Amino acid sequence: MKEKLLQIRESATEMIEASKTLQELEDLRIKFLGKKGELTEILKGMGKLSKEERPEMGKVSNEVRDHIEDVLKSKKEVLEADALNEKLRSEVLDVTMPAKPVSVGHKHPLMKVFDEMIDIFIGMGYKVAEGPEVDTVYNVFDALNSPEDHPSRSTSDTFYFNDDVCLRTHTSSVQIRTMKTRKPPIKVISPGRCFRFDELDATHSPMFHQMEGLVIDENVTMADLKGALDQFVKRFFGQNIKTKFRPHHFPFTEPSAEVDVSCFKCGGVGCKVCGGTGWIEILGCGMVHPNVLEECGIDSEKYSGFAFGMGVDRITMLKYEIEDIRYLFENDMRLIEQF
Ligand code: DAH
């Protein structure tokens, strides 16, 4: 028996030393020391020994077990250190490797146009006024002198929440909010989103953008309106661009006009951008109606003013020759990356 024990001691030591992986080592532990291991099997034979032999064999088997455990333990430390070294070697950081490209976002063409417009107006002394997209029917229509039966008020044109609240159909509602909270002189622009019950197609979107302008002071005349818009147009589209004021009707201005600019693409000869006419319509404007001033508590005998509102989506599309308004809202990187 002693011989067998010493044999196990020897072969276990040998095999453990030769093992190459932690898994191999664990298999050897089970092979020799496990419940059904070789050492255990031999110890089962202890019962057959004489009383005198037993303590001696007990001592030897304990020594063999301790020895195997020691060898296992030190081999395990060696293998673990090897594994760690290997891991460190394989995960070494190569600082010379090219970095992953960082993708930088692009400003949306609409926002570029907004920023450009805002810069120009700020340069002309305007302040930016903001208003909510959900507004009262009073601010959107009533206070703007729009008659009860005006077509734009119908439920087929306007998104209503209830009789008194709707999504604003134009940024003109900010005129009312501004005149009710500030005293003249007033000189503001108001960029923002508007909503109309429109079928989505190449030129219409139920959500679109406008830039409103409002100037109120003593002795403001139509000449000031023409001068201001002409300045804006020249700075935005180019110094050689001409403006044309065509009579029009808006409930909140009197007189009212629509403004065309000479085509910045063909210089007025006629091309695809201007539909062959040489002119491009860009906005509505006029002298603020006395009813609107009075409704906002501004003395229409003392003060006068002008207002204008332009469609920013349309201007963006013209400027960048984007054919379909839907491209502006689809967030396709292939479009955005071009600007
Ligand atoms: N609110 C008008 C529209 O949405 C545009 C407009 C016309 C704004 C004349 C004005 C204005 O301030 O004076 O069609």
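Analyst: Happy to; we'll take the helices and then the ligand. Keep in mind that this is a predicted model.

User: Let's go. How do I describe two helices packed together?

Analyst: Two packed helices are described by the angle between their axes and the distance between the axes. Here, take helix 1 (residues 2–18) and helix 4 (residues 53–90): their axes come within 10 Å and cross at roughly 0°. Angles under 35 degrees count as roughly parallel, so helix 1 is roughly parallel to helix 4.

User: Which residues of helix 1 and helix 4 make the contact?

Analyst: From helix 1, they include L5, I8, A12 and I16, and from helix 4, V60, V64, I68 and L72 are among them. By class, the residues of this contact divide into 10 nonpolar, 3 polar and 6 charged.

User: Now the ligand. Which residues are closest to the ligand?

Analyst: Of the 15 residues that surround the ligand, the closest are H170, S172, R196, Q210 and E212. The shell has 5 nonpolar, 8 polar and 2 charged residues.

User: What lies 2.9 Å from an oxygen atom of the ligand?

Analyst: That's a polar side-chain atom of Q210.

User: How much of the ligand's accessible area does the protein cover?

Analyst: On its own the ligand has 350 Å² of accessible area, and the protein covers 90% of that. Strand 5 (207–218), strand 8 (279–288) and strand 9 (303–311) are the elements giving two or more residues to the shell.

Key:
Residues are numbered from 1 along each chain as its sequence is written. This is a predicted model: local features need pLDDT of at least 70, side-chain atom pairs count only at pLDDT 80 or more; totals for chains, interfaces and linings use all residues. Side-chain values use heavy atoms; hydrogens and water are left out. A residue is near a molecule or strand if one of its heavy atoms lies within 4 Å of it. A polar contact is a pair of N or O atoms within 3.5 Å; within protein, one must be able to donate a hydrogen and the other to accept it, and residues adjacent in sequence count only if both atoms are side-chain atoms. Accessible areas come from the Shrake-Rupley method with a 1.4 Å probe; for residues, only the protein chains shown count as cover. Helices (H or I, at least four residues) and strands (E, at least two) are DSSP runs, numbered from the N terminus. Ala, Val, Leu, Ile, Met, Phe, Trp, Tyr, Cys and Pro count as nonpolar, Asp, Glu, Lys and Arg as charged, and the others, Gly among them, as polar. Axes are lines fitted to C-alpha atoms, for helices over the stretch in contact, and angles run from 0 to 180 degrees between N-to-C directions. Angles under 35 degrees count as roughly parallel, over 145 as roughly antiparallel, 65 to 115 as roughly perpendicular and the rest as oblique. Contact means heavy atoms within 4.5 Å.
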